[in-house]
Amino acid sequence: MGQVSTLPESEGRREACGVFGIYAPGRSVAPVVVDGLHALQHRGQESAGMAVSDGQAMVVMKDMGLVSQVFNDYKIAGLVGHLAIGHTRYSTTGSSSWHNAQPMYRNAGGSEFAVAHNGNLTNVEELAGAIGMLPGTATSDSDLMAELVGRELAMSDGQEDQGALVGALMRVLPQLQGAFSLVLADRDCLVGVRDPNGFRPLCLGRLDDGWVLASETPALDIAGAHFVREVEPGELLVIGDAGCESHRPWPPAKVQPKLCIFEFVYLARPDSRLYGQELHAARVRMGEQLAEQSPTSADMVVGVPDSGIPAAEGYSRKSGVPFGHGLVKNRYIGRTFIDPEPGKRALGVRRKLNPLREAIAGRRLVVVDDSIVRGTTTRAIVAMLREAGAKEVHLRISSPPYRWPCYFGVDTGTRSELIAADLEVGEICDYVGADSLAYLSLDALKKATGVAGAGFCDACLTGEYPVPVPLRQLRSTPEQPAREEPSGTTGDRPVPAPAAQ
Ligand code: SF4
């Protein structure tokens with residue numbers, strides 16, 4: 001067996017953020033924003049916020065915590081306006097602090113605007129240097145983006161707010177690299193932007209009296225909007241009195257769709273639709289593909305709640321091995337209660353998951369999960385199942401080995417923290433303590449999406465990054481330098497940390 005990192009896991013990965021925007025003249029939209037953010041809570045649970053405009057002024061409210069902790073009826077009643085954007089955050093660059101909660105707000109020479117960002121910029125140092133910002137002055141890539149737009153806006157003296165914000169964006173956006181699905185608002189208009197690769201989703205919905213933008217389609221449903229279409233990679237939408245206008249800040253050659261394939265695997269809600277596909281059905285097909293590729297003799301197929309369940313259903317359907325529930329999830333344990341200390345990590349898993357002993361005891365189990373990132377949570381789950389009496393535990397993973405860090409809005413840590421970066425499948429199997437382990441192939445995963453020919457980012461599986469990524473990122477600190485060596489760059493091969501105990 002090789003070596004793996006002992007760095008904190010917190011379930012091994014951190015989700016992207018959720019963004020929401022609404023323009024509905026004549027209505028007070030703050031309650032709708034709160035509903036929309038509830039529908040996007042799974043994308044970020046560190047902080048939530050909203051910026052509202054009544055056409056005269058903009059008010060921003062944001063705080064640390066869940067949507068239900070940040071907003072109550074009293075606060076919502078004070079947020080009056082027909083135009084608003086909202087955000088749920090998980091920090092991928094910048095610390096988890098109030099200052100980095102979104103939306104980010106600027107008042108540039110009297111022109112107010114707010115921006116909410118899902119994704120990660122990859123050229124932060126270059127952008128900050130170009131405007132003379134000292135390293136570390138911007139507290140996050142989103143803060144830097146707001147600063148860039150604000151400076152451009154301040155220079156567009158004398159224009160109307162709507163024209164000025166869009167003009168500033170048309171100049172700033174082509175300078176940005178990386179992943180950014182954005183919603184912005186000034187006093188008069190709502191703006192939606194998707195980067196030229198469309199790493200993160202963003203969709204457009206129609207109300208009887210207005211428009212909605214959201215990271216995922218269930219947020220349209222809850223707002224009472226019907227789905228119009230996905231915002232296209234490389235598109236900027238301006239929504240205001242004149243309706244919905246489409247702009248293209250990038251030349252066509254720069255536009256190359258690369259939707260994050262992990263939105264299909266686990267990031268987005270199962271009832272979301274991407275590339276025209278409902279994700280629950282796609283995840284069931286991933287399980288079917290997995291059963292075809294990696295069959296085994298067993299008595300029951302169990303999914304790791306929640307995101308492993310649909311693939312477990314598919315595995316069962318294709319293999320004929322009965323599906324059953326073997327693990328129960330405590331839905332009231334937040335991430336705050338997952339202790340990051342390695343010695344206590346198994347306790348964190350036990351707080352969140354509990355085995356159904358009668359269902360498990362004496363049985364040979366196929367256990368289906370969506371991914372293994374650092375391995376320690378999987379190892380704790382396997383140990384828990386064995387303690388509950390499982391006779392055999394055969395792990396089946398509905399995605400390929402996760403070998404490279406993500407720079408586009410999912411924080412899985414550095415390469416040395418990824419168990420599959422240095423270990424072969426057999427070594428990982430030994431480490432997690434399973435009887436067998438198999439991953440879904442990349443081809444089969446793409447086939448299961450139902451849109452195999454669509455553009456996907458799969459850089460964390462292949463090391464082939466669609467855009468250049470620097471070796472040093474904002475999240476790297478002097479004590480913990482970036483040590484990745486993605487394709488197309490140079491750097492030292494990471495030295496794995498000692499094995500976790
Ligand atoms: S690197 Fe992986 S997690 Fe990140 S955007 Fe690409 S596919 Fe998604």
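**Burial, pairing and backbone in a predicted model**

Author: Pro-103 sits in the loop between S4 and strand S5 (104-108). The model is predicted.

Reader: What makes the peptide bond from Gln-102 to Pro-103 stand out?

Author: The peptide bond from Gln-102 to Pro-103 is cis, with omega near 10°.

Reader: What about the peptide bond from Pro-305 to Asp-306?

Author: That bond is cis too, with omega near -10°. Asp-306 belongs to the loop between strand S17 (300-303) and helix H10 (309-319).

Reader: Why is Tyr-275 called partly exposed?

Author: Tyr-275 has 19 C-beta neighbours inside 10 Å. A buried residue needs 20 or more, and an exposed one has 12 or fewer. Tyr-275 therefore counts as partly exposed.

Reader: Why is strand S1 called largely enclosed?

Author: Six of the six residues of S1 (residues 18-23) are buried, so S1 is largely enclosed by the rest of the structure.

Reader: How do you know that both faces of S1 are covered?

Author: Side chains in a regular strand alternate between the two faces of the sheet. On one side of S1, Gly-18, Phe-20 and Ile-22 are buried. On the other, Val-19, Gly-21 and Tyr-23 are buried.

Reader: What makes S1 and S4 a pair?

Author: Two strands pair if at least two bridges are found between them. S1 and strand S4 (residues 83-89) have six, in the antiparallel sense. Tyr-23 stands opposite Leu-83 in S4.

Reader: How do you know that S1 and S10 pair?

Author: By the cut-off of at least two bridges. S1 and strand S10 (residues 210-214) are joined by four, again antiparallel. Here Phe-20 faces Ala-214 in S10.

Reader: Why is helix H1 called largely enclosed?

Author: Eight of the 10 residues of H1 (residues 30-39) are buried, so H1 is largely enclosed by the rest of the structure. Among the buried ones are Val-32, Val-33, Leu-37 and His-38.

Reader: Which residues surround the ligand?

Author: They include Phe-199, Cys-260, Ile-261, Phe-262, Cys-406, Cys-457, Asp-458 and Cys-460. Helix H8 (261-267) and helix H17 (459-462) are the elements that give two or more residues to this shell.

Methods:
Residues are numbered from 1 along each chain as its sequence is written. This is a predicted model: local features need pLDDT of at least 70, side-chain atom pairs count only at pLDDT 80 or more; totals for chains, interfaces and linings use all residues. A residue is near a molecule or strand if its C-beta atom, placed from the backbone, lies within 6 Å of it.
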